[in-house]
Amino acid sequence: MSADQSTINPDCLSGITVLDFSHALAGPFCTLMLADFGARVFKLESATGGDMGRGWGPPFAGPHSSFFLGLNRGKFGISIDLKRPEGVDLCLRIIEKVDVLVENFRPGTMDRLGLGYGAASDRNPKLVYCSISGYGQEGPSRDEAAMDLIVECSSGFMSITGTENGEQVRSGYAVADINAGLFSVIGILLALRARDRNGRGQYVDISMLDSMISAMSSNYMSYLGSGKVPRPLGSGFPTVVPYRVFEASDRPFSIAIGSEKLWSAFCRALDRPDLEAEPDFATNARRVENRHRLEAILSEELHKRSMTEWVGRLRKMGIPCSPVRNFQEVAEDSQTAVRNMFPTIDCPLAGPHRVIGPAVKLSETPGTIGNAAPKLGEHTNAALGELLGLDANQIRELSESGVITQSK
């Protein structure tokens, strides 16, 4: 592992070691961000298949799921049999040496394995232990099975996401998983900062439900303030008009008019000064009240020119707008190239392939994409030698007895 470690940024989260029991999306997304900024992440998987995300394809790059490769780059793979007491004991010994533990099993699973927060913190009082679950570690929904789709529904998100005729649709990406991963990173960093002051670790309890409610703060505050249950608005927004996708003569594009100054500029760009003078459209509040009439007028006007003509004209006026771009257009865009959002990484088995770069840009300690995603158990031997000081004979005995797995 020494060669791989040289690619890790020497600052930021350097010196922080993470034991990652997580699988699928929310947990791996959290530990991916930690790895990008210098934490050494040891991804622990079972010998029987490992992370379920390894099989989530096609597409595959070589023998690996593209989904898995993108989420688990920069990590070191170890494989230990948690169904055996020797495997659990080995994990507890590793826990003594790490700073952070991340898991996203159903609540109670880690306790049943003997690896819950109580047992872990007894072995390492400085440990920051992060559990990610659907509904949190207490409450009547604690034991309910949850995946992204389910929490999009149970959080209220899907009730406001869909067509204007009321048909609900799932988000185009796994928004509940990603939100939980983001809040997990925040919680871990807060706990590490507290540990800097008091020398103690703590338990970080992240629920997908809580994360979704927090992410929808503006929507929920609108409901709490009015008592009105919101409905889907397609691409529209409940408290700002016009703010949606319209059809140009050739393809759709979006506009966002968030102030009266922008509304005035927009009316000039349309060559429709009468709209600015119309009392029913004079303020945003009035435009919200008369949404359907105004949007019908704008739909007719905006269909008269091409998307390129409108976007060029509106951008000159400082009006926020964008074509509805597909993934190919985004991946080939000059702006995402400058921001290095689609770097190419080389994998010994899968070959060169593009991944997603860090979204957080730091001037002094920028993130790095690190090594390729590990094979199942690829770094087991090296990790046990480094973390626990086991010699070759001890590691061979564990391997021969089936407690650990080392990839071929």
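The buried residues of helix 11 are covered by several elements, including strand 10 (252-256), helix 12 (273-277), helix 13 (284-289), helix 14 (291-302) and helix 15 (307-316). Helix 11 itself spans residues 260-270 and is mostly covered, with eight of its eleven residues buried. Those buried residues are Leu262, Trp263, Ser264, Ala265, Phe266, Cys267, Ala269 and Leu270. Just after the helix, have a look at Asp271, which takes a positive phi of about 60 degrees.

Keep in mind that this is a predicted model. The protein chain averages a pLDDT of 94, and 97% of the residues score at least 70. Over residues 2-9, though, the pLDDT is below 50; this stretch has 18 contacts in the model beyond near neighbours in sequence.

Next, let us turn to Ser65, which sits in strand 4 (residues 64-65). Ser65 counts as buried because its relative accessibility is 1%, and the cut-off for buried is under 20%. Leaving aside residues up to four places away in sequence, Ser65 touches Gly53, Arg54, Trp56, Gly57, Pro59 and Phe60. With Gly53 there is a polar pairing to inspect: a polar atom of the Ser65 side chain lies 3.4 Å from the backbone oxygen of Gly53.

Conventions: Residues numbered from 1 in each chain as written. Predicted model: local features only at pLDDT ≥ 70, side-chain atom pairs only at ≥ 80, totals over all residues. Heavy atoms only, no water. pLDDT = per-residue confidence, 0-100. Contact = heavy atoms within 4.5 Å. Buried < 20%, exposed > 50% of the residue type's maximum accessible area, 1.4 Å probe, protein only. Helix = DSSP H or I, 4+ residues; strand = E, 2+ residues; numbered from the N terminus. Polar contact = N/O pair within 3.5 Å; in protein donor to acceptor, adjacent residues only side chain to side chain.
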